[in-house]
Amino acid sequence: MPYSDAGHAPVTVIGLGRMGQALARAFLADGHPTTVWNRSAAKAEQLVARGAILAASARAAAAASPLVVICVADYQAARELLDPLGDVLAGRVLVNLTSGTSKQARETADWATLQGATYLDGVILAFPQGIGTADAVLLYSGPRPAFDTHESTLQSLGAGTTYLGVDHGLSSLYDLAMLSVMWSVLNGFLHGTALLGTAQVDAATLAQFMKQGIGSMIEWISAYAEQIDAGKYPAVDSTINTHLAGMKHLIQESESLGINVELPKFVKTLTDRAVADGRGGDSYAAMIEQFRKPTTARP
Ligand code: NAP
């Protein structure tokens, strides 16, 4: 069910890869006059058929709208495109939906400000097919007035359009935090699937079984979040020492079944360090101290 907030504010989309095309389609679907440009012009064809205006150059595209959205492969590509356009961006709001780091976002914000542009950095927590729906989450950071001015246009991209704060680096940090969560869960699922596969249990069975486990995990993660924010880690449920014993079983089992053992060994290495730091009797939330330190060469 598309999320609808019909509007007539013009918008430009630079970069028409999988994601850029989805962004332009969503703006067009909501009635926004949409100017597009892509290095490989053929990717604009379907959008033009839907009513988009194909600009002759990136410069002409940027000049066409007060709101300019860019979404390309990475910041290097974005800056290669944007750097020659500084003068034309002056007085416009530039929204960069290209994925990157908080440092790249802040540097690009500084550059845009020098050009006289207003810069919002954004990230997309959705696949292209989710853009424009109630499920799409897009996060923005930068000056609030610019977000407020263009919020109704940006809402065309998804109902989960959210402003995070004035620090341009925030959106990237949220994005990368969520990727960290995602890969941890995915890798745990894959390792668990390899384990159960040795007993001919298929991946779909584990996926179904995980549903309930993940639901209750959210409950105790919230409790751990309170401990982390308070800086105190009482072992209400179980201690780090108890977790460590389970990790040893997981390593033994994985080794004896002949499957990859790197993931549980890595987790145990961090946990051993927490115990060495005197945290063995605390809750698992105390492991945050290991993640807050830079990576060191210690064993
Ligand atoms: P994509 O399909 O590979 O498209 C890449 C885009 O970048 C194309 O428009 C490409 O132009 C352009 N590009 C690359 N290098 C360029 C350069 N040097 N100069 C000019 N244009 C250049 O990637 P995508 O899926 O659209 O992803 C775009 C951004 O969205 C990425 O930062 C990605 O992390 C982010 N994102 C994607 C998803 C997703 O599921 N796809 C989800 C969230 C966030 P050509 O067409 O001319 O090659």
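How many helices and how many strands are there in the protein chain? The chain holds twelve helices and eight strands, where helices (H or I, at least four residues) and strands (E, at least two) are DSSP runs numbered from the N terminus.

## Basis of the model

This is a predicted model, in which local features need pLDDT of at least 70, side-chain atom pairs count only at pLDDT 80 or more, and totals for chains, interfaces and linings use all residues. Residues are numbered from 1 along each chain as its sequence is written, and side-chain values use heavy atoms, without hydrogens or water.

## Overall form and surface

Along the principal axes, the C-alpha atoms fill a box of roughly 65 × 45 × 30 Å. Of the 299 residues, 40% are buried (under 20% relative accessible area, with a 1.4 Å probe and protein chains only; exposed is over 50%).

The chain exposes about 15800 Å², of which carbon and sulfur atoms supply 60%; the area comes from the Shrake-Rupley method with a 1.4 Å probe.

## Residue Gln200

Gln200 lies in the loop between α8 (170-197) and α9 (203-230). The phi of Gln200 is positive, near 60°, and the residue is exposed, with a relative accessible area of 70%. Most residues other than glycine have a negative phi.

## Contacts

Among contacts (heavy atoms within 4.5 Å) with a separation of 6 or more, 64% come from residues 24 or more positions apart.
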